[in-house]
Amino acid sequence: MERIWCLFFLSTCVVAQNAQDPCTTAYVLDKMDQRFKENIAKDSSAMLCDRFRLGNGRWVRADGQDLLQTEPQPHELCGTRYPIWMKEPPPETVDEEPVDKVACVVGLRGTCEETLPIKIKKCVGYNVYFLTPPTNCYKAYCFQYATEDAPPTEVIPQPVVRHNLVRKEDRIAFQELQFICSFPPEDTDFYYQVVWYIEDKPVVVTEPVKKDSITKTNLGRSDGDPTKGYLKLGINIKCAVRLKLEPEGAPGPLSTLSENFFAGIEVKSTKVNIKRDEPRGQIDVKLTVPIGCPFMPDGSVENCGLDIEMNVPRNETKCTSDVKAVKAMDLIGQGKNCGFRILNTEWQETVALPISFIDTPEYNLVLPDSPDGAFRIGMITVQNKEKPEWSRIELQDVYVHIADSSDIWQGKKCAAVNDPHMYTFDGRGYENQNEGRFVLYWGKRKDFPMEVQIETTACNRHPGNPRWAPYCVCALAVRAGADVFVIDRCPNKPIRIKYLSCKENLLDARKETEMEYKIYFPSGTYVHALLQDYRTDNVRTINVHVYPSKSDHDRTGGLCGTLNGNIWDDFMDRDGNLLNGNEEFNRYWSLKEDEFLGNMNEGQLNALPRWQNAVMYCTCPHKEFEVQGDTPEEVGQCSEDIIVKCAKEDNPTLNKNNCRIRSKRSTVKPFSYKMFQRQDIKLTDIDEVPEYLSRNKRETEIIWTKEKATEFCNHFIKKSQTYNACNEVPSVSADFLIESCILDIELTNTTVWAAGSREALRTTCMKELSQNTTLKEVTEEGKPSIAEQVKKIACVNECSGNGVCLNGTCECDEGFGAKDCSMDLNKPPVVYGVNIEEGGLCDKRTCQRALVEGYGFLNMDTLQCSLTVFQVTENKTVVGDVMEHMVQAEHDSIAEVFCPLGPARRRRSVPRGFVQGITLSVANNGRNFSTHHTIYVLDGVCQDTVNVSGDIQFTLRRGYCYISRKCYGDGHIHETDECMNCNAEKSTSEWSKVEGCGLVVEESDGKPEVEPEEDSFPTTVVVIVLVCVLVLAALIVALILYRKKKHSASHSIKLEDRVAYSEVATHEET
């Protein structure tokens, strides 16, 4: 078997070698002008040696020269020590197969002490030799001139490679890129022959030409033969020139090779350095030759370009940092997002390609698993059938090095906790016992507006001092560019947890639990909002933490202060001026009511300054270039941000479908009137706050002193599971929270706020676990990491006393739900309304689910919607059957759920009525349902609302019919009967007869006349009946005649038989 494979391999090699004609070789053996037998090298440094010039053997071209065929004399050394010659002459016939010959190597004792196998083939105008390399130096092949004429001795000066675009005629004329071997011609009338080298290998030897035809020596593109020209660009080109007296004569010495010329796309910045906190850089590329384009019919050159794709190899299975590249807007239609285009008119310009570093949230800089920790960016030109020389050319790799930034942001936070106790990024604590609206966090970079605002309201008055009222955070608004997300729990209005504007898709809001949310900025900075409910005084608060990223260093303002490690410059205004104390500081960063993002109307939201990114970055393909043909890899994940990766992957994102202001307006027609307005909602259930068994009693019987409060807070927090779990975690300290707990008790004479302080400790602790990678490392064999240990025992709100913490998850007691077991499942959620923004309406073209707004919705498998489906007439009179359905609700937040309308929209028959109504309610446990609210499903194409004396009813838009619960425009032809159409003037609920359709046409004076429409139907019926009667009569007559004929024929046969019988009988008798 091995022998068979060996034979197969050898035969394959022979076929491969013979597949290319040896005459096409352009390899010229070095220093052919020194290989004549009279040349004597004076010392070894000048001696020729072919040991390393021929590899394992190769074909060489000999113009006007042949291998020496006479035995060299001792003084004939051919420029070496041991010449190699041939005893027999070369073949004389062109196109014969190569002839095997033997070459002799001159030695010390004879002229043929060693033999080497060679091959010879005669080509048109020259011979080619397959030369076997000698075993050692100084041995070299010796050549003689094929004619008696001596070759030229002149040597052309070192040439220069230049380029030019030359018009080529084809079905469509085009520009071909050609290369010129430029040199000063000799005065003597020589022939010039150019040898072209690509990647240091001779590939093309031109035909000898006179200087007036020197353009014929240009190197052009070849369709497939590398001996005729270049196939692709992205190559290094050189050239050399030699002279001849005659086209087939012996050549003179080759000129010095030209300097190398790179023809393609030069990457001018193969190494890019980027700072972690300034994560942008650029790659510079430049074409060294122009791009050839087709000619237009008028003779002008068409504008064309060169497309280049990028990839960034990475491990997609791991959470790692990444490098994104700018989105190439010109390439989007071709499915290529990650790359760039160079136009033919800009080929001489340097193209700067912006790139951006996408960090991970960890403190430690995460870099690729490469030797120097650099990202490798690959680039390749796109497949192009019209320009094959530019197709699939791989450019030089670019290595992006990331330099770490200051660690001053690590372990820092800004906080507004409980009522609210404030804490700057640098660790300065102060109070903000003021009612109003404030800027908590402000990003200083004008082109990238980022902001966090809070609203405070009075809460938990001291029973012994009713004039004194602490203030709590009840609303939070987060803004990046023109995007706004709000959590609003302030008294006497519906609770909102939603996007108000999502024009730029910059913010990313995530749900940790029903009571815990994170909102991420593009920079990686994020806001943590912990919702706290207290039955006393019906208080709903928000504990807010802002966790900075590396880009926040010395770029923050607001009540969070300036992140720079100096607590004494935290109280500054926008211009960097120090303010006098926390009261002036609080006043400066306060807002008017209409300046609060949560109170802005649509016009104000639309006017917010945008994110000023000049480019959009895309995630590039991570695989090596495998795309072939004209179909590139689809690349998505493009955005104007540089959002930190992997920090949010475990938490569901909040829905943006109900965002009030979008970047693209819907084309759906709005209805004229809504069933109600948001401001019409009566908050009858707003005071119903879920019960918290462990923190819902006002302790009026105790007069709390500072000593008692200190003792209580130390015990309450330091004896908790959270403290025991997080005490050893770096950058997590309970001191500030214990002080806050003590101050809360002094202000309110109650301990209800203590749980909020304890939960703030857990929040900071979990944040550190996610970012400090050292806490995830296993330090002792067989023992889990600190992060794993903490997560197993630190549960949300320590399960509120209504469950047990098992491996970091609350197992709730019977009848309780939510992630922290704080909610009574037997108490239904509060519902304010359904599809409130649409005023209780739903357009069937876009409405696949209903948005239910309220409070107390839990993310549970038993969260269900009850749908009651009915039909109503234009004046809302219920008609037909009523159907009921139960569907699984889709949880978005504690304030919003979605009810799928699929079962309600499914029809088994065409129902009566004009509009469909659906009454909805929601239950957390599938049993105890909320109050009912109704929406109406209209077809916005033809249905609309109308105000009838203050009552909102339904109507049909002008120019439409509504037939079998479908909208048809005026003139719409019936699907199966072309003589029926929608004619709103005749009927809006039934098909109408098309005038003149299907009538009998008669000729009169050469012109068709149509019978009156009203007579056409009876006349047609009469004609059809008459025809049927006549046909029937004809059939009856035919049947009668047939029977008679048959009877007559039968009688005649019998008569003939009888006559014949009579004749026979008579004959016999005779």
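These entries record what I looked up about the disulfides of the structure above.

Entry 1, basis. I worked from a predicted model, in which local features need pLDDT of at least 70, side-chain atom pairs count only at pLDDT 80 or more, and totals for chains, interfaces and linings use all residues. Residues are numbered from 1 along each chain as its sequence is written, and side-chain values use heavy atoms, with hydrogens and water left out.

I searched the whole structure for disulfides (pairs of cysteine sulfur atoms within 2.5 Å) and found 19.

Cys49 lies in the loop between helix 1 (2-19) and strand 1 (58-63), and Cys137 in the loop between strand 6 (126-131) and strand 7 (139-141), so the pair ties together parts 88 residues apart in sequence. Helices (H or I, at least four residues) and strands (E, at least two) are DSSP runs, numbered from the N terminus. Cys49 is buried at 12% relative accessibility, whereas Cys137 is partly exposed at 30%. Buried means under 20% relative accessible area, exposed over 50%, and partly exposed in between (1.4 Å probe, protein chains only).

Cys799 is buried at 1% relative accessible area, and Cys810 is buried at 12%.
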